Amino acid sequence: MKTQFWLTMTLLTALAPYNAVAQGYPTKPVRLVVPFAPGGTTDIVARITADALGPILGHPVVVENKSGGGGSIGALDTVRAAPDGYALGLGNTSTTAANPAINPNPPYNPLTDFTPIVGLASSPNILAVTPGFPAKDYKNFIDTIRKNPGKFTYASSGIGANSNLQMELFKMSTRTFIMHVPYRGSVPALSDTVSGQVSMILDQVPSALPFIRAGKLVPIAVAAPGRLKELPDVPTFKELGLEQVNRMAFYGIYGPKGLPDDVVKKVHEGVVKAFSSPAVRKRIEDTGSIVNVQGPNEFKEQIRTELAIYRKVVDTMKLKPD
């Protein structure tokens with residue numbers, strides 16, 4: 001009996017720090033790591049969420065950008081963090097599916113090394129070309145690239161990023177060849193496309209829309225459930241017979257493996273409350289994103305689905321990381 005008593009006490013003592021964290025959480029600011037440079041869609045969604053979530057939790061949620069490696073550097077920051085809820089990550093399609101799919105020895109497993117907490121939103125992706133491109137609609141676009149294999153280029157936010165693998169999915173589906181020009185983040189990729197140094201980009205609508213409105217990019221097709229009210233004349237990939245390419249980017253919050261259930265519940269419920277505000281939802285929607293709050297299980301299943309799709313793209317297109 002005495003031995004059993006001491007074993008029980010030892011176990012309770014070991015768990016005490018995390019139990020205490022869960023019960024009183026949070027007692028200080030929470031870091032939310034964005035695995036990309038400031039200014040992109042992932043960063044925009046993170047900052048809107050952090051602004052709204054902080055007052056509900058009672059302590060600031062501080063966004064910290066850690067870019068590089070197609071998002072893997074920032075993602076690893078979350079993987080290596082203590083499972084106490086004070087270091088969370090903003091996961092997206094790149095960090096949870098595209099990047100792990102292209103890396104033969106990924107530094108983390110998105111299905112086992114994270115604790116999914118809450119899905120936040122989805123962003124339609126748009127294929128856009130420079131004003132100088134010799135086509136302004138999809139029919140002429142596809143004819144042009146098929147007649148000129150390898151002549152044109154596309155920018156992405158890095159090898160293994162969603163913008164890279166979704167464009168490769170497009171090439172695989174249309175049997176076309178467009179040269180890839182990778183950048184360190186979506187902002188420089190978009191900047192060089194706008195300036196005409198690269199022919200085209202497949203980017204999130206929130207990032208690309210201001211340049212489309214300014215006439216600095218020409219939209220060709222959009223990945224969305226239906227045509228966007230902001231771009232009613234631009235067809236979806238599904239309309240064009242490319243349903244498999246009609247995939248939106250998604251964003252969600254995760255923590256390191258082993259995050260206490262009470263912390264997961266507190267953050268999830270905080271986001272649900274924050275996003276119930278019409279003003280917060282409008283801020284998200286004004287960027288061109290779609291609010292899509294998911295529970296931990298739904299978020300994990302979305303990660304699983306996207307990972308399987310992009311692993312097939314990598315195998316078919318024989319893609320390799322740098």
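How do the residues of the lining of the largest cavity divide into nonpolar, polar and charged?

Modeller: They divide into three nonpolar, 11 polar and two charged. Here Ala, Val, Leu, Ile, Met, Phe, Trp, Tyr, Cys and Pro count as nonpolar, Asp, Glu, Lys and Arg as charged, and the others, Gly among them, as polar. The model is predicted: local features need pLDDT of at least 70 and side-chain atom pairs count only at pLDDT 80 or more, while totals for chains, interfaces and linings use all residues. Residues are numbered from 1 along each chain as its sequence is written, and side-chain values use heavy atoms, with hydrogens and water left out.

On a 1 Å grid over the protein atoms alone, a cavity is a set of points where a 1.4 Å probe fits but cannot get out; lining residues have an atom within 4 Å of a point. Grid points are joined across faces, edges and corners, and a volume is the space filled by probe spheres set on the points. A search of the whole structure finds two cavities of 30 Å³ or more.

The largest cavity has a volume of about 160 Å³. It is lined by 16 residues, of which Thr42, Asn92, Ser94, Ser157 and Gln204 are the closest to its centre. At least two lining residues each come from α2 (41-57), α4 (93-102), α6 (162-174), β8 (200-204) and β10 (249-256). These labels follow DSSP runs numbered from the N terminus, helices being H or I of at least four residues and strands E of at least two. The largest share, three residues, comes from α2.

Helix α2 also takes part in the second largest cavity, where α2 and β1 (30-34) each supply at least two lining residues. That cavity has a volume of about 40 Å³. Its lining consists of Val30, Arg31, Leu32, Leu53, Leu57, Val61, Leu88 and Ile253. Strand β1 gives the most, with three residues. By class, this lining has seven nonpolar residues, no polar ones and one charged, whereas 11 residues in the lining of the largest cavity are polar.

For the open space, a pocket is an open set of grid points with protein on both sides within 12 Å along at least five of seven lines. The largest pocket has a volume of about 290 Å³. Among its 19 lining residues, Gly69, Gly70, Asn99, Gly158 and Ile159 are the closest to its centre. Its lining has six nonpolar, 11 polar and two charged residues.
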